[in-house]
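Dear colleague,

I am handing over the structure below, and after it you will find an account of what turned up when I went through it. Please read the two side by side.

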Amino acid sequence: MQITVKNIHKSLNENGYICGVPFAASITSAIKTKPVSGAFLYGPAGTGKSFLPITLSKTLGIEMFFYQCAPGTREDDLVLKMFPSENTKSGVEIKKSTVFKAAEASHKKPVMLVLDEWDKTRPTADGFFLDFLQYGRLSIPGSEINANLENMFIFFTANDERDFHEALLRRFPKIDVNPLAPSLVMSALMLTHDGHPHLGNAIKLYEQAVMSGMSKPATIQEIRQLLDAISFLGEGSNWNDLVYQYVTKTPENHKLLFDAKDVEYTDITDSVELDVDSFTGEMHNKKKEKKNKVLMPKKVQYHTSTKPVENDKDMPKDSEIYGMYDYDDTNYSIHAHQSMAYGKVADDTSNVNEFEVMHGKLIRKKPLQLLNVGEYIQKSRRINGEVVFVDSNCKRTDLRWMPRWENWQIRRCSKTEVVARYIHTPRNEDDADGFTLDMRWTDTDGLVLICTSQRLNSIARYFKAGRTKPFLTSDSWLTDRTGLAIANDIRSIRQLGLLNIRNLINHTHIQYSEILHNDDTLPACFTQVVGGASSINDTGDFIEYNSKGFTMRINTNSEYIDYLKISIDIHGTPTHTALQGLSELSKQFHRYDYGEGIPVYKAVTVNSKKISAHLKPRGWKPQGRSRRIMSKCYRSLRGYPINLYFMDDIAIFSYKFKPYNDNKDVRVFSNAVKTVNQLAKSVENIG
């Protein structure tokens, strides 16, 4: 069998050792350790420290040599054993011990040596074993043993009864074998007792046993025996007696389990009688109990709270991962709410909101656009983890407008690649949480930004900081107002991020947003816009109106309860009434005063050095002193101008449509869209 995390995890569980992928990863790395494979296994009694190497030897298909250390075990005991004998003059016969036999066998095949409860040995045994772990040598009277360390897997188990020699600890990795997570215990129990009416109670018992401080918490085998006994006894089952018989086994442990929930109890005899309702989280009436004694706890449902979502698919490559969060109830729930709100619920429970549960993590394999960082973080700000944003339109020259760019540590820099890191450490309590940004830019893929933070909203704050010219407009209310800003007021482009402007080349039709006051009286223009809707879709988070030539979406689930965000997508020619209503909407909210009108725009990639020379002979004139803004009036547009803004290799043609409330409005709007698109196409073809 090839030694991989996936294979080890799968094989251990199939052979009865229940564990999660992170634990299997620790074991896999340990058996790959050089010069000798293995580890120190630490943990309380009953957690499976001894069972692990036994199962692992079966998994790897190798012979195991097991030595059970006893109190006071000396180093000589590990190598040689002395037995009474009538065949020797001394009356004593010396035989090879476990370590000796394992060392000899290692020259022929791989072997596993298990030194169980090493903390019971004398401290001098630590120093005695140092040379063996480094060079495979053991010195005994009359000879020296040499082992083939490449063929040896050595595991020490210990309960922390004594401190080990530091040099010995440094030879091996240390793995804590803690009590299993309840979800894993549930998975193990469901293999043998799926559907048992008291399976939920058994999980509650396990959790309480772990928290109680018992010398040995409940094991899976003990809980299985308990459930078998309940099935056999049926109505005659007594929870208190069975828990004592199969789990606690001593009055001291029974009392510790009882005290774990601080349940008041006064009738304590030789063994404490458990409050059975504590396993359901409820308190029972003790006066009533004397009249009608409760022998078994109320059955606890377990189907939604403890069974884990598992996925044994291979982990994708690092380059294919665009988000990674811990798989827990909070993170899964946040994404599940988003999936349900947008009607994107998957058939498989392991897929949620474009994330997939894989080996204890929520993995996203689809890119997140950096332009949407504000909206994404608004929905996921409570999540801790790592997420990757991309922007293929970002240019190398744009990087210098990154907030606090002078504080980035650049690790690589060339015309085709830039690699850098920024670490933000909170300066005071009022400062944003700490976070790390890793960035790689290439001339082929653009920008890839890896964000690691305890609170993702710290990333949004970072992009709001900065310069006169924003690198990115991260505010979720403003990111899709770019088209409106350019078309209605060319000067307002200064408020928009470079990346937002560059993204316009991806717009195949008009897209922008508006903001309305969320009060009881919506403006009359709202009715004009939605009155002719052919279909209405209400998902709970937004209402979508589909009309002739356009779609309008109203976000009804926002942290800004005083406002409504309206997103508009014009993909055709709306009716005359709709054009009037859409134009009027733009002046209802005056915080961002772009004026009344509908944006008509088109952006394309061009050779910026040749644009002016191409357009000046055709009647285009610069606006004021700016060399980046030109305009030309068109008779078909009632004499109003089309504006041109160009930066680097992008040209943006824009026109602000304002209806005259006559029968020519629809024709003028159609002409504007056609003219802007034709102009964009003409300059795009310039060599």
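**Aromatic pairs and what surrounds them**

Phenylalanine 657 and phenylalanine 669 are both buried. Please keep in mind throughout that this is a predicted model. These two phenylalanines form an edge-to-face aromatic pair, with 5.3 Å from centre to centre and 80° between the planes. The pair links distant parts of the chain, since phenylalanine 657 belongs to strand β29 and phenylalanine 669 to helix α22, 12 residues apart.

How many aromatic pairs are there by this rule? The count comes to 10. Another of them joins tyrosine 422 and tyrosine 462, whose ring centres are 5.4 Å apart and whose planes stand at 35°, so this pair is tilted. Because tyrosine 422 lies in strand β17 (residues 417–424) and tyrosine 462 in helix α16 (residues 457–464), the pair ties together parts that are 40 residues apart in sequence. Tyrosine 422 and tyrosine 462 are both buried.

Elsewhere, Phe40, Tyr42, Trp118 and Phe156 make up one aromatic cluster. Tyrosine 42 also has a charge over its face, namely that of lysine 174, at 4.8 Å from the ring centre. In a further case of a charge over a ring, the charged end of arginine 638 sits over tyrosine 660, 4.2 Å from the centre of that ring.

**The sheet that includes β29**

Strand β29, which holds phenylalanine 657, belongs to an open sheet of 5 strands in the order β25-β29-β28-β27-β26, with antiparallel pairing. The edge strands are β25 (598–605) and β26 (621–622), each of which pairs on one side only. Between β25 and β29 (residues 650–657) the antiparallel pairing extends over 8 bridges, and valine 600 stands opposite tyrosine 655 in β29.

Two helices pack on this sheet. Helix α21 (residues 608–615) touches β27 (629–633), β28 (641–647) and β29, and its direction makes about 155° with that of β28. Helix α22 (residues 665–684), in turn, touches β25, β28 and β29, with its direction at about 15° to that of β25.

**The chain as a whole**

The secondary structure of the protein chain comes to 22 helices and 29 strands. Of its 687 residues, 48% count as buried, and the accessible surface of the chain comes to about 34800 Å², of which 47% belongs to carbon and sulfur atoms. Among the contacts between residues at least 6 apart in sequence, 63% join residues at least 24 apart.

Key. Residues numbered from 1 in each chain as written. Predicted model: local features only at pLDDT ≥ 70, side-chain atom pairs only at ≥ 80, totals over all residues. Heavy atoms only, no water. Pairing = 2+ DSSP bridges. Helix = DSSP H or I, 4+ residues; strand = E, 2+ residues; numbered from the N terminus. Contact = heavy atoms within 4.5 Å. Axes fitted to C-alpha atoms, helices over the stretch in contact; angles between N-to-C directions. Phe/Tyr/Trp six-rings, centres within 6.5 Å; stacked < 30°, edge-to-face > 60°. Buried < 20%, exposed > 50% of the residue type's maximum accessible area, 1.4 Å probe, protein only. Lys NZ or Arg CZ within 6 Å of the ring centre and 35° of its normal. Areas by Shrake-Rupley, 256 points an atom, 1.4 Å probe, with all protein chains shown as cover.
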